[in-house]
Amino acid sequence: MSRSSRFEIACSRVFGPLVLALFAFVPSEVSAQTQLATTVQLPSYGVAIDADGTLRAVAVGDPTGALTAARAMAAKRTLPGDLAEPTELRVVSLRRLNEALERGEEAGADTVDPAALHLAGLLSIRYVCVAEKSGDEPGDVLLAGPAEGWFDDLTGRSIGITSGAPTLLLEDLATALAAYPAKGDRAAYVGCTINPRIENLARFQAYQRTIPHMVPQAQRAAAADSLRRGVAESLGLADIRTFGVEPTTHLARTLIEADYRMKSIGVGLEPPPVRMATYASVLGGSDPGLVRWWFEPEYERLRVDEAKLSLEAVGAGLKLSAEEKRIGPDGVLVASTEQPSAAAKRYADSFTTHYARVAQASPVYAEMRNAVELLVAAAFLSMHGGYERSGASLDAIIAAGEKLSEKHVAPTQVPCVANAFWKGARLIIPAGGGVSIEPLRALEENNLAPFEDPDAVRKRVGEPAADDAWWWNAEPAAPVRSRR
């Protein structure tokens, strides 16, 4: 009989319906079994990074919603009218934005215009259009999508005044452009992982053997608390790794936070933002004990025109996948031959099904979807010569983003925390996970659909009224005529 089998039997005999859920992060403690819809009374969740690179969860309360409302009203009074009002389609010219940043740099400006920092309030990218240069006439790269005014919420995230959706950021655009340049190496994929340390896994296995064989009914709550602390001490810190982008960037932090908080929700340490099946809520006593979840895009969601000058993003954005893991003889986590447990798969499927609603209620998941859109847009320009065909220099955008990223501390580690509650009879360990984004895969021919009418989109996008304007609102879509 294996050591892990002996331990599972011991847990069953000693603790009865106790489940000990191990998790390599530190979120705020909340009820494991509460299913809540998001309202202004719920805390706002986010992360903070210490000077030593340790990432921790934060929860900011606003019981009446008054603080958030006051920030939104102040922003609406401050922003120019055209920027503050929602619009179905706002256009950002990257060539003109780059020129505006160059002028600011030449003038010795210490800060970047807030409108530029927030890409004029774009909430997502629906279209990418390349206007080819012609003789002495410069071309351009246009990004277009819904937009509105914005403000910083209580966690410091920039969100729309009307929708609450996060805005696209200049820094994230710069990170994406740097990952997929006109020339040179392109990132094979962009993502992150959070990995338990080998020596800590060995220490955790040693701690398992110290668990007492008998726990009286009256001491169950105290036992659960003791187990949580003991597991946290034995597992110590987990290491964060970032791929394809610099770890100091806001984009990298977004991916890490989304991964980290997804696992918090799964094991019951953060309430789900919408009503959904979580791992903790559907867990059964026969489920295996080592689980990994990770995000990846739904790649079949793009339309591209024949000339590879126009791209349209359609459909949802990301899905959650699951697999079983085990601790190998050398202490390293390795893939199991077993299929994901019913509970692990149900949580992954539920998160995927409800992703749009989750992203609406918890902005970090919309930020991750925005990151995918920016990465795909940059990969589209890189793969199909969009930079050269437009003749647009985007160096000032990349430089501005690099300066912004220099102000951040790279997240490198997170403390491990356990969640223990009385349900089932096995030791459950969510073991790592991450985010894996392959923008080049999204642009493979078998993942693309034809662009229905790129000429109509280009006509609607139009031109700015002023020569130095780098953003403008497109004409409203023509109403569909009834055939009756």
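Me: Which residues in α6 meet α15, and what makes that a contact?

Reply: From α6 you have Leu170, Glu171, Leu173, Ala174, Leu177 and Ala178, and they meet Ile397, Ile398, Ala400, Gly401, Leu404 and Ser405 in α15. It's called contact because heavy atoms lie within 4.5 Å. Sorted by class, that contact has nine nonpolar, two polar and one charged residues. In that sorting, Ala, Val, Leu, Ile, Met, Phe, Trp, Tyr, Cys and Pro are nonpolar, Asp, Glu, Lys and Arg are charged, and the others, Gly among them, are polar.

By the way, this is a predicted model, where local features need pLDDT of at least 70, side-chain atom pairs count only at pLDDT 80 or more, and totals for chains, interfaces and linings use all residues. Residues are numbered from 1 along each chain as its sequence is written, and side-chain values use heavy atoms, with hydrogens and water left out.

Me: What makes α6 roughly perpendicular to α15?

Reply: Two packed helices are described by the angle between their axes and the distance between the axes. Here the axes of α6 (residues 170-179) and α15 (residues 395-405) come within 8 Å and cross at roughly 115°. Angles of 65 to 115 degrees count as roughly perpendicular (under 35 is roughly parallel, over 145 roughly antiparallel, the rest oblique), which makes α6 roughly perpendicular to α15. The axes are lines fitted to C-alpha atoms, for helices over the stretch in contact, and angles run from 0 to 180 degrees between N-to-C directions.

Me: Which residues of α9 and α13 make the contact?

Reply: On α9 the list includes His250, Leu251, Ala258 and Ile265. On α13, Val364, Tyr365, Met368 and Leu375 are among them. By class, the contact of α9 with α13 has ten nonpolar, two polar and three charged residues.

Me: How do you know that Phe380 is buried?

Reply: Buried means under 20% relative accessible area, exposed means over 50%, and partly exposed is in between (1.4 Å probe, protein chains only). Phe380 has a relative accessible area of 1%, so it is buried. Phe380 is found in helix α13, and its contacts beyond four places in sequence include Val128, Val304, Lys308 and Leu443.

Me: Why is Pro146 called partly exposed?

Reply: Pro146 has a relative accessible area of 29%, which falls between the limits, so it is partly exposed. Pro146 is found in strand β6. Its C-alpha is 5.9 Å from that of Leu122, although they are 24 residues apart in sequence.

Me: And Ala120: buried or exposed?

Reply: At 0% relative accessibility, Ala120 counts as buried. Ala120 is found in the loop between α5 and β5, and it has a positive phi of about 60° although it is not a glycine.

Me: What puts the buried residues of α17 on the same side?

Reply: In α17 (residues 454-461), the buried ones are Pro454, Val457, Arg460 and Val461. They cover an arc of only 125° around the axis, so they are on the same side of α17. The arc is that of the directions from the helix axis to the C-beta atoms. On the other side of α17, Asp455 and Lys459 are exposed. The buried residues pack against β4, β5, β6, β13 and β20.

Me: How many helices and strands does the protein have, and what counts as one?

Reply: The protein has 17 helices and 20 strands. They are DSSP runs numbered from the N terminus, with H or I and at least four residues for helices, E and at least two for strands. Of the 484 residues, 54% count as buried.
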